[in-house]
Amino acid sequence: MTGDGREEAREAGVPGSGPAGADAVLLGFVRALRAAGVDASAERMYAFLRAVSVLRPGVRADVYAAGRATLCGGPDDLERYERVFAAYFGAAEGSPARPTVRAPAPPRPRLRARDVPDGGRTPGARDPSGPPTAALASSTEVLRHRDVAALDAGERAQLQRLLAAFALRGEARRSARRRPARRGEVDPRRTVRELLRRGGEPARLRRHARVDRPRRVVLLVDVSGSMAPYADALLRFAHAAVRGGRTEVFTIGTRLTRVTRELSHRDPDLAMAAVAAAVPDWRGGTRLGELLREFLNRWGQRGMARGAVVVLLSDGWERDDPALLGTQMRRLHALAHRVVWANPLKARPGYAPTAAGMAAALPSVDEFVEGHSLAALERLAAVVRGAQAGAVPKAGVGTGAVPAAGAEVDP
């Protein structure tokens, strides 16, 4: 295991953390759960790694049971856990839909490997419920970091299953609504009603607190010719976001098309077919500035972009005047809570945002992230939830000279 994986395992205090590849697989599984909306905190991750280390890290059933007992915080997490586990480790033999392991009992304070009945098998032996963890998911962990444009048909099918388990929620904001709470401001109405009910006798003060709600997320997905290798994966990412609610999706190319309704189908393939029928400008040119102005005039300024997290998924190539794109990006930045730009080309060695459209847009971008792989989309989901991706590089500061207006430089 390399880098962050080794550090996380060491911090977890896992005794005999096992083969390096298996550790990387388990940590990648936790990241996939987080991307699916499971609140797999650092404490839960440490408990998961410790539980796997005292069971059989190479056995599917033990990994499933350890994760289900430690990583799920409530009933809402169970379905997501099942879906991510099946997508990440593959379906169990004889049960293509989901693993058939029974729900484990609550973990004991001191659990040792010899306490687990193994039917005479050694800890490293294969289990009838599935092959070893590293063999099941090492390819998935490698796939997380592969460029989507370089995947073959089989890898794309596996990527689609993983994207179907995604969840995307905007950064939490404090709403005007309040709900009863143990701590918080005194609720005068409920307190007075309680006093009246008791006939004026002293009563406990009733309190309430503001409710946190996720901000609206707006996705603008580039479907032009230069983005063709990434368009399907990005739209499937958008489909998972729409399924989570409070998300609007538009495609941009030579036209602006709202595809939120088409992506509301529960089945990803049906949703992709509906989008294909609704979008007339697949693999065309790119008019980012003009289409961003249309979005702001028609939807954004009327409320859709106000206080929202707006994400542009594009390589930044612009056919029209880059100055128009810069002007509209400033308008968008003034309306939105945060503006995030995900560029698949950012991960290429030596990349610099010197294309005229990208250089004009960057001063109005709060977060500039990659968008070429599953791991990059997981990081994008974390940024949308409120995590910081780092400083945005500005054109002309360590990125090369800015080309003249209207000029395009091949990144």
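Quick definition before anything else: axes here are lines fitted to C-alpha atoms, for helices over the stretch in contact, and angles run from 0 to 180 degrees between N-to-C directions. Helices themselves are DSSP runs of H or I, at least four residues, and strands are E, at least two, numbered from the N terminus. This is a predicted model, so local features need pLDDT of at least 70 and side-chain atom pairs 80 or more, while totals for chains, interfaces and linings use all residues. Residues are numbered from 1 along each chain as its sequence is written, and side-chain values use heavy atoms, leaving out hydrogens and water.

So, the pair: helix 3 (residues 42-54) and helix 4 (residues 60-70) have axes that come within 9 Å and cross at roughly 150°. That makes the two helices roughly antiparallel, a label for angles over 145 degrees. Who makes the contact, meaning heavy atoms within 4.5 Å? From helix 3 we get R44, A47, F48, A51 and V52, and from helix 4 V63, A66, G67 and T70.

Now over to helix 9 (residues 228-244), where H239 sits. Buried or exposed? H239 is buried, because its relative accessibility is 1%, and buried means under 20% relative accessible area with a 1.4 Å probe, protein chains only. Skipping residues up to four places away in sequence, H239 touches L263, H265, R266, D267, P268, A271 and M272.

Zooming out, the protein chain has 14 helices and nine strands, and 46% of its 411 residues count as buried.

Key:
Buried < 20%, exposed > 50% of the residue type's maximum accessible area, 1.4 Å probe, protein only. Parallel < 35°, antiparallel > 145°, perpendicular 65-115°, else oblique. Contact = heavy atoms within 4.5 Å.
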